[in-house]
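Here is a short briefing on selected local features. Keep the sequence and the 3D view open while reading.

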Amino acid sequence: MSTLVIVESPTKAKTIRNYLPSGYRVEASMGHVRDLPRDATEIPAAVKSEKWSSLGVNVESDFEPLYVVPKDKKKIVKELKAALKNSDELVLATDEDREGESISWHLLQLLKPKVPTKRMVFHEITDEAIKAALTNCRDVDQRLVRAQETRRILDRLVGYTLSPLLWKKIAPSLSAGRVQSVAVRLLVTRERERRAFRQGSYWDLKATLSKDKTTFESRLVSLAGKRLATGNDFDENTGQIIAGRDVVLLNEAETLALQARLTDKTWTVAGVDERPSTRKPAPPFITSTLQQEANRKLRLSARETMRVAQSLYEKGFITYMRTDSVNLSQQAIAAARSCVEDLYGKNYLSPQPRQYKTKSKGAQEAHEAIRPAGQTFRTPKETGLQGAESKLYDLIWKRTVATQMAEARQTHITVHLEVEDAGFRSTGKRIDFPGFFRAYVEGSDDPDAALDDQEVLLPTLNQGDTPECTELSPIGHETQPPARYTEASLVKMLEKEGIGRPSTYASVIGTIVDRGYAQRQANALVPTFTAFAVTALLEQHFPDLVDLSFTARMEQSLDEISTGEVDWLPYLSDFYLGDDGLETQVKTRQDQIDPSEARTIDLNDLEAKVRIGRFGPYIETEHEEKPVKASLPKDMTPADLTPEQIEQLLKQKLEGPEKLGLHPETGEPIYILLGAYGPYVQLGDVTEENKKPKRASLPKGVAMESVTLEMAVDLLSLPRLLGQHPDTGCKVQVGLGRFGPYVVHDQGKEGKDYRSLKKEDDLFTISFERALELLAMPKGTRGRRGGTKKALKELGNHPEDEAPVNVYDGPYGPYIKHNKTNASVPEGQKIEDLTLEIALPLLAEKAATKGNKKSTSRSKATAKKKTTKKTTAKKTTAKKTAAKKTTAKKTEKS
């Protein structure tokens, strides 16, 4: 008997194949095989004339979705149908969530199996889990399918109804979304707060004290019985102390006077408070908390985190990564407790097995939290994983093991000190028993280092003691604007407000960045001027769609549809076709939206207007009763745009660039300008003969006003020759590029070898010897975590060119690499048994296939050109014939 098992990906197919009995054939659907049309080319001709066809949903016929098989999936569907013909049974083993259920349902609709069909679900890919799943198969859950379909339809209605409106009123290629637009509004609201922020300043004193040869710090907290002002006492909108706060605000002069008055005075301990506390370990990871912690600790984006987690799941290392349940099975708890006992000892075990309950109403307790897979947990070292996969598994392993560890016990110590009428405070923390801290500390990569950082030890102090003051320093402080959202904090806010599902946050944030609504600066998400314009339009004309409470209620209704508490059809009908439905709102309001106003961004304190144009944001003002426009640099953000920057841009537009002086060797003028990609210097004028004069960007962190003629000359001299490489005789240069200063070994046809300068290196004074030292260092890999990819096995050098032939681990399994040729390791071939002799024919076959593909694509391209020429010729002839006929008719009429 032959059974066909269908999963989503080749990696998952490869892993699950190891645990299935003989006679089972596993194939991959490569994700969804059917969906709503992505664009007009996918809409069937039979319905193209229908007014609803562009939506992909027939809103006039009970919101019936129009499903199509994308071009890139037709071959896969054909192959699956052929495989089914030779099978006696079909098992659908897609993921256990709504998305996976939907894929299984679509496969049923397309394949139309005439053999018995089962739905198999599991939350980890291990021998035990797969065997258990095989004996507990069920039918496709239609309720889950309907819930996912309703979400899909709702998202399509919002996106495809509002997006065309944004194209007309603001700019092309923009998009709106049920969750996306709310997330963008959160970013914009925070940026508005930063723009409205006014900085306040305050001063205090920091003392270094000594007792029994142990030093400790103390801060001024009160003066003459009144509390000293801190940052929390300032109004963010005025930069002044909040009205009604009875506090002492010191300026620099007053602080210096106080310092002088307290110097050499006697310090007395007025009191010591000790407060014991315990800390419990955080719950195991769910999708949202994994995204947050991976962003904080590993600097992975939500999208990267989910990609790596998907790979770990499909390779059998962790349980299913799309879950909102913190539940742990008894098997997982036993495995975690075993790890604790083996690695840390019995005294680090929690007295009783610790179980967590999910607070979210829509969570499914049948699902588990994200944890290491299996009845026993492999330690990170035992997995053999590399790079980001190793780091993420390590994070999941530590978090899971920590859940079964004892609570951390600590004592918080507060010492109150007095010197004349000034009150000082010292705080300390003593870790009495580290408990789960030994394995996992939130926000820290290294638990041991975190323990050291968390413990702040004070000497033994009692009331009446008189420690010696060895130093008293005045410290100035400035209040800071609200912090921008990071991916971690945005995910946390969306989850807290009940907006969207955690499993979709990665794609939502990815879309926000891809569509130009936000830029990544360091780890922060910075909204663009386009985000401001779109948010303002939606707030004014469609406020419900960007309202947190409304969107959260919508999410709750969708969850209730999945449980059968709410009927999907009346809900969709009311949302889209009701008296206040989305379709009605768009029809009645689109004529009220003035495109010129929609493209204009209102920023306080700016006389010039900021508008969104075809080529990006620009400022516009009037000069001598005529409009003057100037483009804004691409990395400039709304919160950071100042009247001074606008003045600089307009001056440059009206008067030309600022001249720094003449080049000492050529006598050409050197200018400093502000362009689309930031400030730069330019040598000479733009003329017919010199259309592209030499330019050089300013190094990061260098302000325009600080640039001197000498610095500009140095910048324009880049890339600068340092010498000839002793091994090759080729040029070694220093330069400034997109990613900062660098040295390069230019070997002509052999290519260029780059290294970034370190923080301590100076772009203009770096020596030839230092450049050689940098070039000798191992090369890092930009944009990939974990540095250069490590080979699983080195097979030796290729006999033709002596280049290395190595085996690496890829997203679809291990592969052999030689230069730019990659060949997959055959099924069943063990890495340890792989030799150069086995690898060479595989590489040769792959190289030949690549060559054929290139030849075929060239032939197709040539054939296409010939066909195009013939068609064009026919059209031209047809036009000429038509022209002759028209002329003849006109002659007849006249």
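A charge sits over a ring if NZ of Lys or CZ of Arg is within 6 Å of the ring centre and within 35 degrees of the ring normal. Arg 190 lies over the face of Tyr 485, at 4.3 Å from the ring centre. This is a predicted model.

**Charge over ring**
- Arg 156 also places its charged end over a ring, that of Tyr 160, 3.8 Å from the centre.

**Aromatic pairs**
- The count comes to twelve aromatic pairs.
- Phe 317 and Tyr 393 have ring centres 6.3 Å apart and planes at 75°, so they form an edge-to-face pair.
- Phe 317 is in the loop between helix H9 (302-314) and H10, and Tyr 393 is in helix H12, so the pair ties together parts 76 residues apart in sequence.
- Phe 317 counts as buried, at 11% relative accessibility.
- Tyr 393 counts as buried too, at 1%.
- One aromatic cluster is formed by Tyr 344, Tyr 348 and Phe 433.

**Helix H10**
- H10 spans residues 330-343, 14 residues in all.
- From first C-alpha to last, H10 reaches 20 Å, close to the 20 Å expected.
- Its buried residues include Ile 333, Arg 337, Cys 339 and Val 340.
- The buried residues of H10 pack against helix H12 (387-402).
- Gly 345 follows H10 and has a positive phi, near 100°.

**Asp 685**
- Asp 685 lies in the loop between strands E22 (678-683) and E23 (695-697).
- Asp 685 is partly exposed, with a relative accessible area of 39%.
- Leaving aside residues up to four places away in sequence, Asp 685 touches Pro 669, Tyr 671, Asn 690 and Pro 693.
- The C-alpha atoms of Asp 685 and Glu 274 are separated by 72 Å.

Definitions and conventions:
Residues numbered from 1 in each chain as written. Predicted model: local features only at pLDDT ≥ 70, side-chain atom pairs only at ≥ 80, totals over all residues. Heavy atoms only, no water. Helix = DSSP H or I, 4+ residues; strand = E, 2+ residues; numbered from the N terminus. Expected span 1.5 Å × (residues − 1). Buried < 20%, exposed > 50% of the residue type's maximum accessible area, 1.4 Å probe, protein only. Contact = heavy atoms within 4.5 Å. Phe/Tyr/Trp six-rings, centres within 6.5 Å; stacked < 30°, edge-to-face > 60°.
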